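The sequence and the structure come first, and a description follows.

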Amino acid sequence: MKFQLPQPLKVRGAPRELATGANPYQPAPARVMRIQDLTPDVRLFELRFSDGSLARTFAWRPGQFVELSVLGVGEGPFSLPSSPTRPGILQLGIRRAGTLTNYLFDHISEGDELGIRGPLGNGFPVERFSNHDVLMIAGGLGMVPLRGLLHYLLDLRSSVGRIILLYGSRSPEQVLFRDELESLARRGDAEIVLSVDSAGGRIWNGREGVVTELLDDVELDVDRTYAVACGPPVFYEFVLEKLVDAGFGKNRIFLSLERRMECGVGKCGHCAVGYTFTCLHGPVFSYWDAINLPELIYT
Amino acid sequence: MQTLRMNSALLPELLEALKEWGRVWAPVERAPDVFSLEVIDDDVRRARPEALRTIVPFKKLLLKPRFTMLSGRTGEAPTDPLDNDAGAQVLFGVHACDVHALKILDLLYLTDYADPYYQRNREQLVVIGYGCWPDEHCFCESMDTSSVDDGFDLFLTPLEGRFLVAVGTSVGDDIVRANPNLFEAATRQDTRDYLRRLREREEAFSLEIDVTDLPYVLELKKDDPVWDELGKKCLCCGSCSMVCPTCSCFNVMDEVGPGGDSSRVRIWDACLYRDYAVVAGGHNFRADRADRVRQRYYHKQEAFVREFGMPSCVGCGRCIENCPTGINVVEVFQYVRGEL
Ligand SMILES: Cc1cc2nc3c(=O)[nH]c(=O)nc-3n(C[C@H](O)[C@H](O)[C@H](O)COP(=O)(O)OP(=O)(O)OC[C@H]3O[C@@H](n4cnc5c(N)ncnc54)[C@H](O)[C@@H]3O)c2cc1C
Ligand code: SF4
Ligand code: SF4
Ligand code: FES
């Protein structure tokens, strides 16, 4: 399958426009087509741009994100768990966390219109992954962006080597996309291992323990593998050094960072860390870049 | 660049003429030695272009401290109410450091995804520069921002009884051609006097900052105890950011009005404020004052250099003049270098 991704952005270059409009702060209307509970506090929202031509042409890179808006309530950045190889529908996996997300859970139903700005950020350097093995490690909500990457790699199956996903959750009911991941694992298109901190007596045929332990059991050819990690700050604290110990060069490990964001387009300053704006230069960084930015990982 | 001369006595006439190009803003004296930037259309004689700093710089003409970006019915597709649009404006009495600050804001707001709110006001802004004379808080000479050769439409440098007028753009040329009675060709004496003033002004700077390798020095000193010391002294009041011509961070908030109308409001913000880096769940990436103070200095002197090849401080001295606890950017960097 030949698939053309949008080029990565050259930061601080000539002016350009977001796909959703010339005013980068103005969301484009998108209709909620389907809502599905993924876990007790995470929901999948499927959206389609109300403007038919935007719905058809909206393209993004795995790892990019959008700003979701409800005027009068607020805006928030959310990763895209769907793959650009399956355009038309945009999925968001949203956890109940505060003002905006509570509103989405309590007041938004299928058929309602929301606002979207994007795509934003850099995304994963997937061009470099071709003909390589890709090891994805997800912790908690970090599965959301990695599910977009997983679908992308599966759709381009012949152009990458092994696709490995290690995904840790707190408990079985917290596992996002569980049925889908289990069935993909059975099909053998990807090597997928799920783990939970503790099964707590519930039926669970995955592993028990922290996700870093899963790493000990995978045979890797680190020289032909890229690692991509997504998870909360504590997760990075353990996973990244473990990958380095396993032999990965720091520039072959990628991670996606969460920061306070308002504008998403490099103007408001809120996401600044060291010399980077996370919304423009990120949210994906190599581990090498990340450790050279003060505050980037561990605060 | 074309250079002309104008008799000093004709300044009010020029200001009157400038009204043709938009509302005219200039520094005016609010209280003894306290200047603010105001519209002077009703009485152009209030203009005090030689005043060194207005408390709040020109950035307020381009982006209001608070404006509505989008509005509409709650939950419906919003529209831009043009709340920030100021129409044509003439900024009179812009000093060299301000022109540099304007260029820095242009870099930030007009690259990548151009900010339409900024852009619409910027495109209609006429910039009339004015040659100033430094005081003990100015250090633009060290920041390489003490003179300009572009970024203005006209630039007036006061000489004995007259101004040397540099015409920087075709809009400046329009102004000159519309007012032939005000300007005449500059003489060799004017140029000689101008160059002498330039030299004397260089000598007049008393405050200096050593910016050699500053980004490297900062990189090496990011864990230095000096930041904790500063964190103890700084109140995180944000005054230094509000008065800084290049500080332009903002926050975005949604407000619900009566009758189901909502607006998305954009407000000046400062990285020194406690909640600046708070994310959902309450985690604060810069909970310590020391980290926030460091962020401000690093962003101006290191981050901006890495991204744009120059610092985002123009040495105007406003933050020094307005800090309630006497924190002085020049001293901060002397500390960091270990010179104090
Ligand atoms: C790149 C990126 C990708 C993300 N992807 C996902 C995803 O796929 N799924 C997901 O569920 N979440 C994701 N998040 C997190 C998500 O954006 C937040 O959970 C969401 O914005 C919460 O919004 P809220 O209004 O519900 O929460 P609230 O806590 O009410 O508000 C959160 C936002 O409000 C502001 N705020 C919070 N506290 C304060 C305060 N004290 N003072 C002032 N302002 C404050 C900030 O803008 C903050 O980000 C992502 C974040 C980033 C940066
Ligand atoms: S003005 Fe002074 S006290 Fe206030 S935030 Fe700035 S450095 Fe701190
Ligand atoms: S940091 Fe201080 S001296 Fe530098 S431009 Fe801002 S207000 Fe002026
Ligand atoms: S979110 Fe505004 S600069 Fe990144």
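## Salt bridges between the domains

Two salt bridges are counted between domain 1 of chain A and domain 2 of chain A. The model in which they occur is a predicted one. A salt bridge joins Arg86(A) to Asp155(A), and the closest N and O atoms of this pair are 2.8 Å apart. Between domain 1 of chain A and domain 2 of chain A there are also seven residue pairs in polar contact, with both residues at pLDDT 80 or more.

Chain A is divided into two parts: domain 1 covers residues 28-120, and domain 2 covers residues 126-256. The centres of domain 1 of chain A and domain 2 of chain A, taken over C-alpha atoms, are separated by 24 Å. To the contact, domain 1 of chain A contributes 19 residues and domain 2 of chain A contributes 17 residues.

About 1,500 Å² is buried between domain 1 of chain A and domain 2 of chain A, and 60% of this area lies on carbon and sulfur atoms. Of the area that domain 1 of chain A buries against domain 2 of chain A, 30% is supplied by Pro62(A), Pro81(A) and Arg86(A), which is more than any other three residues supply.

## The domain 1 side of the contact

Which residue classes make up the side of domain 1 of chain A that touches domain 2 of chain A? The residues on this side divide into eight nonpolar, seven polar and four charged.

Several strands take part in this side of domain 1 of chain A: β1 (28-39), β2 (42-49) and β5 (90-95) of chain A each supply at least two of its residues. The largest share, three residues, comes from β5(A).

## The ligand site

Ligand 1 is surrounded by 23 residues, and the closest are Pro77(A), Gly93(A), Arg95(A), Thr99(A) and Thr101(A). Why is the site described as shared between chains? The residues that surround ligand 1 come from chains A and B, so the site is shared between them.

Backbone atoms of chain A also approach oxygen atoms of ligand 1. A backbone N or O atom of Pro77(A) lies 2.6 Å from an oxygen atom of ligand 1. For Arg95(A), the distance from a backbone N or O atom to an oxygen atom of ligand 1 is 2.7 Å, and for Leu100(A) the corresponding distance is 2.8 Å.

How values were computed: Residues numbered from 1 in each chain as written. Chains lettered and ligands numbered in written order. Predicted model: local features only at pLDDT ≥ 70, side-chain atom pairs only at ≥ 80, totals over all residues. Heavy atoms only, no water. Domains from an automatic or database assignment. Contact = heavy atoms within 4.5 Å. Buried area = accessible area lost by both parts, 1.4 Å probe. Salt bridge = Lys/Arg side-chain N within 4 Å of Asp/Glu carboxyl O. Polar contact = N/O pair within 3.5 Å; in protein donor to acceptor, adjacent residues only side chain to side chain. Helix = DSSP H or I, 4+ residues; strand = E, 2+ residues; numbered from the N terminus. Nonpolar A, V, L, I, M, F, W, Y, C, P; charged D, E, K, R; others polar. Near = heavy atom within 4 Å.
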